[in-house]
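Take a look at the model below.

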Amino acid sequence: MRQQVRILSATSVLGSGFSEDSLKCGIERDPLFIGCDGGSTDPGPHFLATNETAFSERTRYRDLRLLVMAAKSKRIPLLIGSCGTAGTNAQVDDMLRLLQRIAREEALSIKAATFYSEQDKEYLRNKLFNGRFTALNNAPSVDAATIDRSIRIVGMAGAEAFQKALESKPDVVIGGRASDSAIFAALPLQEGIPAGICWHAGKILECGAAAARRRKTPDCLFAALERDHFVVEPLDPDLACTPQSVASHALYENADPERLAEPGGVLNIADARYEPLSPRAVKVSGSAFEAASEYTVKLEGVERIGWHTVTFGSIRDPFIVAEIDDWTARLREAVDKRAASVIGAGVDWRLLVRIYGKDGTMGQLEPTPVVHSHEIALVFEILAPDRETATTLASMLRHQALHLPIAKWSGLITSVAFPYSPAHLHRGDLFRFNMKHVVTPDTPLEMFKFGTATF
Amino acid sequence: MTKLHELASLIRSKNAGPFDLTFDIMFEDQDSFRRCRMPDVFNAAALAPLLRVPEEKIKVFFSEAARAIKISIPRPVAQGDFGDSDGHGGQQYAALLDIDVR
């Protein structure tokens, strides 16, 4: 059991970058391991549905190569969670392929341990049937049909998955979807550091230098954990952590700033204290972990909702701008009428008109939904079951919008400026996140599959 | 009358997962925080008309350590769903900027 566990967090997400100087400085402080988050739901449902990655292969390769070399040089493990944005099985395998390339190019032997987070639908249907499937606050409704029509569902692994993967003494852990904090909490928990300290430090570390005051660009963060406190410090000498910057990081992307749910319980930081140890380092104490009576794994699922086609246009005529709400309503009527005569009833399609310059950004939350500008931008969006129907609707929409009359002018007008030919852009299949639920497994590991690979 | 944005060091909005939106109002100094943490303004009932969300869906927190006020609401449209205008939820705080501070 160690008195102190030192941790190097590489950056906010693999592929977002960090300075080589910061990495070197962190390595010189003898961390027990390097951790790096690899994903997030932030880029949206597309990445869980398609296995594409939000950060390109080149950006991930750059970061991964430097981290693998640094970890190997110190013979310490590199732990990566939620690989490839959504932490799907294919995204884990894609990261393994990158690791293989690095091993070959750098003439290194690399032992990797993996865990996969995609969920079996039959398993989930049974959990739902047996009442071991629970909605969280503001969750959409889920039934067996939701599970059936999901393209993919991942479970968020906890610290146990990293601990299990580490049993084979790998150089690198390539994890599927996992709690961001678990990447950093897994090893110190094994070293006997109290859970409140481990999870709070994990929460601060998972975004890299984001917990520093006025971060310029993504970078590394370093922490030293002891039995009753942890100290956190950025490695870029131009950055500083302050008690407020560290305390406020717990607010970021969390609905509740004091109680943060993890698979095995809740991190309670209501009584946490933050003290400056130096102008750049902050000591944190008083964090508590309340173990849950039942272990839960959060699910993220995604389903296809149709084919998405958008048309961009703008209007400069002040008389059309002045009556834009009426114009939009009449456009909708005109498209409805044309669609009824061409597509017929029984086809589910939707038209949305965003008016930038009025309320395009905030929609119903907009406090001042009036136009103050001399021009407005319009984005017409169509959601239809398939590409052909969406194209039909987009062609109708362009033509109806182009020549929609207004009271001010007599004669045929051309009222929208469309910059592109064709005017529409096919965005492709559109997906939605369809669950915010937790499952209660019999054991923390039963929802995850483990493997190893040596290159 | 002083506006909230004149005293806050940061007013921001962000997704808290795909179904929730959270607002953070932060202060550099204790005086500004103390002045702005007005319980009659920052409570669910008073914020409901401003944020256009039913009162029971609004959560308000005051964090002494972070010198911050936090408000969380359900997203009007889930992140990335048809009709969502702001995938990261980052540009949704305009209604808070001009809150009057006594």
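## Strands and the model

Strands are runs that DSSP marks E, at least two residues in length, and they are numbered from the N terminus. The model shown here is predicted.

## The ten-stranded sheet

In chain A, 10 strands build an open sheet. Their order is β12-β13-β9-β8-β1-β2-β3-β7-β4-β20, with mixed pairing. β12 (273-276) and β20 (449-454) of chain A are the edge strands, and each pairs on one side only. On average, neighbouring strands of this sheet are turned by 20 degrees against each other, direction ignored.

Look at one pair inside it. Strands β9 (230-234) and β13 (282-285) of chain A run antiparallel and are joined by three bridges. A:Val232 has A:Val282 in β13(A) as its bridge partner.

## Helices on the sheet

α7(A) packs on this sheet. It touches β3, β4 (111-116), β7 (172-175) and β20 of chain A. The direction of α7(A) makes about 140 degrees with that of β7(A). α8(A) lies across β1 (5-9), β2 (33-39), β3 and β8 (221-225) of chain A. α8(A) runs at about 160 degrees to β2(A).

The two helices also pack against each other. The axes of α7 (159-166) and α8 (180-190) of chain A are 8 Å apart, at an angle of about 65 degrees. Their crossing is right-handed. Residues making the contact include A:Phe162 of α7(A) and A:Leu189 of α8(A). Which classes of residue does the contact of α7(A) with α8(A) have? Seven are nonpolar, two are polar and none is charged.

## Another helix pair

Helices α1 (20-28) and α3 (57-74) of chain A come within 11 Å, axis to axis, and cross at roughly 20 degrees. Angles under 35 degrees count as roughly parallel. So α1(A) is roughly parallel to α3(A).

The crossing of α1(A) past α3(A) is right-handed. From α1(A), A:Glu20, A:Leu23 and A:Ile27 make the contact. From α3(A), A:Leu66, A:Ala70, A:Ser73 and A:Lys74 do. By class, the residues of this contact are four nonpolar, one polar and two charged.

## The three-stranded sheet

Chain A also has an open sheet of three strands, in the order β10-β11-β14, with antiparallel pairing. β10 (259-262) and β14 (288-291) of chain A are its edge strands. The twist from one strand to the next averages 25 degrees. β11 (265-268) of chain A pairs with β14(A) over four bridges. There, A:Val266 stands opposite A:Glu290.

## Backbone exceptions

Most residues other than glycine have a negative phi, and most peptide bonds are trans. A:Ser82 has a positive phi, near 50 degrees. A:Ser82 sits in strand β3 (78-85) of chain A.

A cis peptide bond links A:Ser421 and A:Pro422, with omega about -5 degrees. A:Pro422 is in the loop between α13 (387-402) and β18 (424-433) of chain A.

## Where the chains meet

How many residues of chain B are in contact with chain A? There are 37, and they contact 37 residues of chain A. On chain B, β2 (10-15), β3 (20-26), β4 (59-63), β5 (68-74) and α4 (94-97) each supply at least two residues of the touching side. By class, that side of chain B has 15 nonpolar, 13 polar and nine charged residues.

Definitions and conventions: Residues numbered from 1 in each chain as written. Chains lettered and ligands numbered in written order. Predicted model: local features only at pLDDT ≥ 70, side-chain atom pairs only at ≥ 80, totals over all residues. Contact = placed C-beta atoms within 7 Å. Nonpolar A, V, L, I, M, F, W, Y, C, P; charged D, E, K, R; others polar. Pairing = 2+ DSSP bridges. Axes fitted to C-alpha atoms, helices over the stretch in contact; angles between N-to-C directions. Parallel < 35°, antiparallel > 145°, perpendicular 65-115°, else oblique. Left-handed = near helix turned anticlockwise from the far one by under 90°.
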